[in-house]
Amino acid sequence: MTAVDTRAEAARALYLDLLKRTLTGALAEDNDSILGGVRTSGSPVFYKRAADSVGRLVGRFGFEVAYKKPYDPELRAIGRDWPARADSMIGLARMENIQHCIETALRDDVPGDLIETGVWRGGATIFMRGVLKAYGDETRTVWAADSFEGLPPPDAARYPADAGDRFFEQGGLAVGVDQVKHNFERYGLLDEQVKFLVGWFKDTLPTAPIEQLAVIRLDGDLYESTWQAIEALYPKLSPGGFCIVDDYGTLVDQCQRAIHDYRDAHGITEEIIDVDGWGAYWRKSS
């Protein structure tokens with residue numbers, strides 16, 4: 001490797017590290033709890049609902065009420081907190097996992113695009129595009145699939161594992177597609193290599209114009225959303241590609257159960273590797 005190559009590699013690593021820290025709020029040490037923001041909107045806790053009402057009221061007059069909380073870098077590293085302003089809530093370890101999977105797919109020439117199902121503010125997909133940009137890849141598409149309306153109410157009749165789930169009440173999980181596009185623009189990463197699949201997974205993923213995938217990232221929380229995503233997309237995952245599951249370790253009765261049900265039904269035996277206690281992934285061998 002020449003001196004020029006070494007400097008280019010160092011610049012790329014610095015850019016991607018800065019991008020990760022910015023997207024997760026680690027750089028700004030973002031840990032405010034904003035009344036009327038993501039931590040209070042749709043909360044089942046009474047005092048948080050009251051705080052949300054106060055926050056929304058003062059927001060009408062252009063003011064913001066925030067509770068200042070100490071920033072904990074260890075929690076942000078593993079995504080155990082919920083940043084108020086950042087574009088991603090997954091933490092640094094799961095961002096680094098995305099980088100590892102994409103870089104490995106590029107190095108090994110695994111064919112296919114990249115997709116995340118359940119994008120929130122777009123942080124993980126913005127980072128996917130950033131990795132491709134950093135490596136000069138002009139052939140792959142980053143797909144951002146989401147309802148952009150939050151999560152669906154549980155369909156307990158068809159998916160009993162989701163019975164009683166209340167994620168659909170959390171307004172902080174609903175981010176419109178125009179806002180997500182704007183977030184891409186803020187990083188200079190909205191271009192023809194980014195495409196959006198707008199709607200419920202059951203309606204968009206089975207007919208999505210995707211031929212091959214090198215990296216799949218599932219972040220649908222529910223059994224229903226996880227099942228619909230992996231059922232539609234895993235057959236398109238190239239050998240050597242990666243399947244990442246964001247909520248594997250935390251939503252055991254919903255997300256993890258859907259993953260194991262699908263793997264069992266299709267004889268998938270590749271080792272599932274833990275990322276940070278919540279996220280997990282495996283590499284498709286065939």
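This is a predicted model: local features need pLDDT of at least 70, side-chain atom pairs count only at pLDDT 80 or more; totals for chains, interfaces and linings use all residues.
Trainee: How many aromatic pairs does the structure hold, and what kind does Trp227 form with Tyr262?
Mentor: The count for the structure is 9 aromatic pairs. For Trp227 and Tyr262, the centres are 5.7 Å apart and the planes make an angle of 75°. Planes over 60 degrees apart get their own class, so this pair is edge-to-face.

Trainee: Which helices does that pair link, and how many residues apart are the two partners?
Mentor: Trp227 sits in helix H8 (residues 223-233), while Tyr262 belongs to helix H9 (residues 252-266).

Trainee: What kind of aromatic pair do Trp227 and Tyr262 form?
Mentor: The structure holds 9 aromatic pairs. In the one made by Trp227 and Tyr262, the centres are 5.7 Å apart and the planes make an angle of 75°. Planes over 60 degrees apart count as edge-to-face, so the class for Trp227 and Tyr262 is edge-to-face.

Trainee: How many residues apart are Trp227 and Tyr262, and which helices hold them?
Mentor: Trp227 is in helix H8 (residues 223-233) and Tyr262 is in helix H9 (residues 252-266). The pair links distant parts of the chain, with a spacing of 35 residues.

Trainee: And Tyr262, buried or exposed?
Mentor: The relative accessible area of Tyr262 is 3%. With the cut-off at under 20%, Tyr262 is therefore buried.

Trainee: Which residues form the aromatic cluster around Trp227?
Mentor: Trp227 and Tyr262, the edge-to-face pair, both belong to one cluster.

Trainee: Switching to Ala124, which residues does it touch beyond its sequence neighbours?
Mentor: Ala124 lies in helix H5 (residues 123-134) and is buried, with a relative accessible area of 4%. Leaving out residues up to four places away, its contacts are Ile90, Met95, Ile98, Glu116 and Arg217.

Trainee: What separates the C-alpha atoms of Ala124 and Ile90?
Mentor: Ala124 and Ile90 are 34 residues apart along the chain, yet they touch. Their C-alpha atoms are separated by 8.1 Å.

Trainee: Zooming out, what radius of gyration does the protein have?
Mentor: The protein has 9 helices and 9 strands, and 52% of its residues count as buried. For 286 residues, a compact globule would come in near 19 Å. The protein agrees with that, at 19 Å.

Trainee: How far apart are the mean positions of the positive and negative charges?
Mentor: There are 32 positive and 45 negative charges to average over. Their mean positions are separated by 4 Å.

Terms used: Residues are numbered from 1 along each chain as its sequence is written. Side-chain values use heavy atoms; hydrogens and water are left out. Helices (H or I, at least four residues) and strands (E, at least two) are DSSP runs, numbered from the N terminus. The radius of gyration is taken over C-alpha atoms; the globule rule is 2.2 Å times the number of residues to the power 0.38. Buried means under 20% relative accessible area, exposed over 50%, partly exposed in between (1.4 Å probe, protein chains only). Lys and Arg count as positive and Asp and Glu as negative; His and the chain ends are not counted. The place of a charge is taken as NZ of Lys, CZ of Arg, CG of Asp or CD of Glu. Rings of Phe, Tyr and Trp (its six-membered ring) pair if their centres lie within 6.5 Å; planes under 30 degrees apart count as stacked, over 60 as edge-to-face and the rest as tilted. Contact means heavy atoms within 4.5 Å.
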